[in-house]
Amino acid sequence: MSYPTVELSSVRKTFGPTVALGGCNLTAYAGEVHAIIGGNGSGKSTLAKVISGVLIPDSGQVSILGKSATSPHEARQLGISNVFQEVLVADECSVLDNLYLGADGLLGSSMNREEKEAKASALMRELLGFDINLSGLVGELPLSVRQWVTIARALLTDPKVLILDESSAALDFDSTERLFRKMRQLKQRGASILIVTHRIAELVRIADRATVFARRRGCRQAGEGRDYRGQDSRTDCRCRAQRHKS
């Protein structure tokens with residue numbers, strides 16, 4: 001049975017005079033892909049960082065599986081993994097070290113190096129479509145492969161809520177298809193996947209529901225169904241919807 005994993009109620013976040021989120025309401029459910037779409041500066045990435053504990057809202061409530069997170073560490077403990085828009089890797093460290101970066105106490109604590117290598121190698125092969133040298137330096141890899149390292153790092157935690165903030169921006173079509181295949185696997189296991197994107201094509205291909213951000217025009221959260229039809233660069237969500245400012 002599907003149940004709420006992420007619930008936001010009247011969440012507001014400002015940066016000085018700038019209102020990034022102006023009373024946001026959103027509910028994501030287990031076993032679904034929920035797209036968060038909108039133009040630049042509409043508050044999408046701010047929302048992702050609020051959910052993952054990077055930013056604390058000025059007001060409102062954020063519930064993750066019935067609990068709240070006030071830091072990225074607490075969010076990870078609750079089962080949230082966030083792949084940020086920025087490609088965050090340690091260039092002078094190996095691929096393997098980057099894959100398990102920040103995982104102390106979450107995974108790998110009972111795994112020896114051989115077990116970590118086997119698990120990481122299998123996942124990277126699935127995502128990339130070819131084998132990669134886990135001992136090589138991340139800084140020597142092309143941008144697209146470094147993006148895969150950040151995605152794989154999140155997947156290795158076996159997240160209950162996975163947030164992908166424009167994570168396919170550096171990926172080509174075939175790579176994006178492999179990412180979508182992995183997202184569907186997570187969905188089947190009951191995870192919630194929130195994909196932040198400005199690409200309507202991604203919404204149509206992968207999302208079950210969507211929240212659309214439009215600065216100064218509010219936001220529409222689509223209800224059940226996948227009848228998204230692009231019309232003149234606008235999205236016609238033929239579903240029940242809620243509005244909130246962003």
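User: Why is Arg205 called partly exposed?

Analyst: Arg205 has a relative accessible area of 28%. Buried means under 20%, exposed over 50% and partly exposed in between (1.4 Å probe, protein chains only), so Arg205 counts as partly exposed. This is a predicted model, in which local features need pLDDT of at least 70, side-chain atom pairs count only at pLDDT 80 or more, and totals for chains, interfaces and linings use all residues. Residues are numbered from 1 along each chain as its sequence is written, and side-chain values use heavy atoms, leaving out hydrogens and water.

User: What makes Glu177 and Arg205 a salt bridge?

Analyst: A salt bridge is a side-chain nitrogen of Lys or Arg within 4 Å of a carboxyl oxygen of Asp or Glu. The closest N and O atoms of Glu177 and Arg205 are 1.9 Å apart, so the pair qualifies. Glu177 lies in helix α6 and Arg205 in helix α7 (residues 200–206), 28 residues apart; helices are DSSP runs of H or I, at least four residues, numbered from the N terminus.

User: How do you know that Lys182 and Glu126 meet in a salt bridge?

Analyst: Their N to O distance is 3.2 Å, which means that the pair meets the rule. Lys182 is in helix α6 (residues 173–188) and Glu126 in helix α4 (residues 113–128), so the bridge ties together parts 56 residues apart in sequence.

User: Is Lys182 buried or exposed?

Analyst: Lys182 has a relative accessible area of 11%, so it is buried.

Note on methods
Helices (H or I, at least four residues) and strands (E, at least two) are DSSP runs, numbered from the N terminus.
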